[in-house]
Amino acid sequence: GPVLDIGCGHGLVSNLLALTGPERQVLGIDLDARKIEAARRTLGDRTNVRFEVGDAVEMSWAVDAGHFIAE
């Protein structure tokens with residue numbers, strides 16, 4: 001199923017989860033825009049992981065077709 005990595009930082013764990021389970025959809029979020037920008041630079045051509053700046057406490061979440069979406 002989908003994985004939400006709250007406080008993903010530079011994306012190490014998110015990337016590991018995406019690489020070891022290509023069928024997974026991984027969303028990493030972090031408050032620090034600089035860390036998210038660094039994480040995004042690691043994506044290459046992988047489409048099963050994405051990174052967003054956000055505060056998990058203030059966001060409401062839903063799952064649609066195996067992907068997390070902020071409502």
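Me: In which strand is Val49 found?

Reply: In this predicted model, Val49 is found in strand β3.

Me: What makes Asn15 a buried residue?

Reply: Asn15, whose place is in helix α1, has a relative accessible area of 9%; the limit for buried is under 20%, and therefore Asn15 is classed as buried. Apart from residues up to four places away in sequence, Asn15 touches Thr42, Arg46, Val49 and Phe51.

Me: How do you know that β1 and β2 pair, and in which sense?

Reply: Pairing requires at least two bridges between the strands, and β1 and β2 (residues 26-30) have four, in the parallel sense, so the two strands qualify as a pair. Within this pairing, Leu4 has Leu27 of β2 as its bridge partner, while Asp5 stands opposite Gly28 in β2.

Me: What joins β2 to β3, and how do they run?

Reply: The strands β2 and β3 run parallel and are joined by five bridges; the requirement is at least two, so β2 and β3 count as paired. One of the facing positions is Gly28, which stands opposite Phe51 in β3.

Me: In what order do the three strands of the open sheet lie?

Reply: The order is β1-β2-β3, and the pairing in this open sheet is parallel. The edge strands are β1 (3-6) and β3 (49-53), each of which pairs on one side only. On average, neighbouring strands of the sheet are turned by 20° against each other, direction ignored.

Me: What makes β1, α1 and β2 a right-handed unit?

Reply: With the strands pointing away from the viewer, a right-handed crossover runs clockwise from the first strand over the helix to the second, and β1, α1 and β2 make a β-α-β unit of this hand. The elements β2, α2 and β3 likewise make a right-handed β-α-β unit.

Me: Which residues form the largest nonpolar core?

Reply: The largest nonpolar core has eight residues, namely Cys8, Ala18, Val26, Ile36, Ala39, Leu43, Val49 and Phe51. To be called a core, such residues must be buried and joined through side-chain atoms within 4.5 Å. Both α2 and β3 supply at least two residues of this core. Ala39 is in contact with Gly9, His10, Gly11 and Phe51, leaving aside its neighbours within four places in sequence.

Me: What pattern does the chain follow along the sequence?

Reply: Read along the sequence, the pattern is β-α-β-α-β-β-β, and the chain has two helices and five strands. Of the 71 residues in the chain, 32% are buried. The chain exposes about 4,400 Å², of which carbon and sulfur atoms supply 56%. Among contacts between residues at least 6 apart in sequence, 43% join residues at least 24 apart.

Definitions and conventions. Residues numbered from 1 in each chain as written. Predicted model: local features only at pLDDT ≥ 70, side-chain atom pairs only at ≥ 80, totals over all residues. Heavy atoms only, no water. Axes fitted to C-alpha atoms, helices over the stretch in contact; angles between N-to-C directions. Buried < 20%, exposed > 50% of the residue type's maximum accessible area, 1.4 Å probe, protein only. Contact = heavy atoms within 4.5 Å. Areas by Shrake-Rupley, 256 points an atom, 1.4 Å probe, with all protein chains shown as cover.
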